[in-house]
Amino acid sequence: MGKLWLFRKKKSSEIAKDRLKILLISDRIDCSPEVMEMIKRDIAKILCKYMQIDTSTLELEFSRRKINVFW
Amino acid sequence: MSEVIVVTSGKGGVGKTTTSANIGTGLAVLGKTVVLIDTDIGLRNLDVVMGLENRIVYNLVDVVEGNCRIKQALIKDKRFPGLHLIPSAQTRDKTAVNPEQMKKLTEQLREQFDYVILDCPAGIEQGFKNAIAGADRAIVVTTPEVSAIRDADRIIGLLNAYEMGQIDLVVNRLRPDMIKRGDMMSVDDVVDILSVHLLGAIYDDENIVISTNHGEPLVCSDTPAGKAFMNICNRILGQDVPLYSPEREKSIWFRINGIFQKL
């Protein structure tokens with residue numbers, strides 16, 4: 001199932017929705033995408049302190065309900 | 001009890017004026033006394049959408065500056081009893097009016113009419129502040145596009161900051177065919193992103209352009225947009241009207257069909 005999901009091309013409405021979610025979060029808290037990137041980098045740094053992870057492939061996703069981490 | 005409603009959106013061209021005209025006309029058709037106010041000073045539009053452009057003598061700025069009495073500036077719509085319009089000034093700009101003056105005007109109109117509907121200009125500057133000053137509730141119009149939704153979110157934030165009593169959402173220009181193929185966000189997607197109460201959904205309808213060409217609101221006509229606007233008017237009056245949504249009808253039908261196939 002996971003593999004199928006990866007290969008499926010995202011519909012443009014889903015892309016719009018995902019982009020908007022991130023955009024509105026940064027609009028609401030008045031935080032630019034660069035600052036978000038810096039926050040992500042700092043989170044990665046903290047994670048590295050406690051576990052072995054490859055930061056180059058680390059992907060952090062901000063959402064209103066949960067934070068997903070893929071690597 | 002009378003109510004002052006502001007129709008706003010942030011972004012221009014999403015259908016504020018059309019929504020104002022149709023909600024105003026719809027409420028008048030339902031037997032209410034209504035006054036529509038065009039607050040877009042310098043870019044007058046509501047008069048031409050309503051087909052009343054030839055009857056303007058005085059405008060909003062004249063009323064506020066005391067050049068005429070309110071009664072003189074009210075244009076009575078002969079087609080719909082109870083419907084009135086105060087047009088905006090074409091040769092002045094947004095600074096000709098301030099929020100206190102608008103508040104005073106809406107308070108005076110509240111005594112005469114059941115509904116005062118303010119058509120807000122695009123943007124978040126002086127014109128927006130004037131329009132929302134005297135309003136009890138706001139209707140935020142958006143389309144299922146990223147730019148319009150982003151602006152709607154900003155407007156909702158500002159309305160909350162100004163302590164607007166009630167904020168409702170109208171999603172305009174939906175295209176069921178595009179939603180079905182996944183190329184347009186659905187009503188549910190938009191509501192999910194903005195997390196605000198949904199007042200109505202209007203499907204993209206070419207009759208809107210035709211009715212605007214004629215200068216006749218289509219709210220009482222037998223068209224998809226006309227029905228959707230009428231539903232919105234009934235919801236404003238407090239009735240519980242189900243959302244007009246072809247794709248949801250199809251999905252329910254799909255489910256029932258599925259059950260029969262299993263049997």
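How many of the 71 residues of chain A, as a percentage, count as buried? In this predicted model, 4% of them do.

**View 1. Chain A and its run of elements.** Let's begin with chain A, which holds three helices and two strands. Starting from the N terminus, these elements follow the order α-α-α-β-β. Of the 71 residues here, 4% count as buried.

**View 2. Where chain A meets chain B.** Here the focus is on the contact, to which chain A gives 13 residues and chain B gives twelve.

**View 3. The open sheet of chain B.** Eight strands of chain B make up an open sheet with mixed pairing, and their order is 3-4-2-5-1-6-7-8. At the edges you will find strand 3 (75-76) and strand 8 (197-203) of chain B; each has a single partner strand, so one side of each has no neighbour in the sheet.

**View 4. Strand 1 of chain B and its partners.** Now for a closer look at strand 1 (residues 3-8) of chain B. Five of its six residues are buried, so strand 1 of chain B is largely enclosed by the rest of the structure. It runs parallel to strand 5 (residues 115-119) of chain B, with five bridges joining the two. One pair to look for is E3(B) with its bridge partner Y115(B) in strand 5 of chain B. Strand 1 of chain B also runs parallel to strand 6 (residues 137-142) of chain B, and this pairing has four bridges. There, T8(B) has V140(B) of strand 6 of chain B as its bridge partner.

**View 5. Strand 2 of chain B beside strand 5, with helix 5 packed on the sheet.** Strand 2 (residues 34-38) of chain B is parallel to strand 5 of chain B, and five bridges link them. Within this pairing, L36(B) stands opposite I117(B) of strand 5 of chain B. Helix 5 (residues 99-110) of chain B packs on the sheet and touches strand 1, strand 2 and strand 5 of chain B. The direction of helix 5 of chain B makes about 150° with that of strand 5 of chain B.

**View 6. Helix 6 of chain B and residue K129(B).** Helix 6 of chain B lies across strand 1, strand 5 and strand 6 of chain B, and runs at about 155° to strand 1 of chain B. K129(B) belongs to this helix, which spans residues 126-133. Is K129(B) buried or partly exposed? It has 17 other C-beta atoms within 10 Å, so K129(B) is partly exposed. If you want to find P81(B) from here, it is 48 residues from K129(B) in sequence and 31 Å away in space, C-alpha to C-alpha.

**View 7. Helix 7 of chain B crossing helix 9 of chain B.** Two packed helices are described by the angle between their axes and the distance between the axes. For helix 7 (residues 146-161) and helix 9 (residues 187-194) of chain B, the axes come within 10 Å and cross at roughly 40°. Helix 7 of chain B is therefore oblique to helix 9 of chain B. The crossing is right-handed. Helix 7 of chain B makes the contact with I149(B), A152(B), D153(B) and I156(B), while helix 9 of chain B brings V190(B), I193(B) and L194(B). By class, six of these contact residues are nonpolar, one is charged and none is polar.

How values were computed: Residues numbered from 1 in each chain as written. Chains lettered and ligands numbered in written order. Predicted model: local features only at pLDDT ≥ 70, side-chain atom pairs only at ≥ 80, totals over all residues. Axes fitted to C-alpha atoms, helices over the stretch in contact; angles between N-to-C directions. Parallel < 35°, antiparallel > 145°, perpendicular 65-115°, else oblique. Left-handed = near helix turned anticlockwise from the far one by under 90°. Contact = placed C-beta atoms within 7 Å. Nonpolar A, V, L, I, M, F, W, Y, C, P; charged D, E, K, R; others polar. Buried ≥ 20, exposed ≤ 12 C-beta atoms within 10 Å, placed from the backbone. Pairing = 2+ DSSP bridges.
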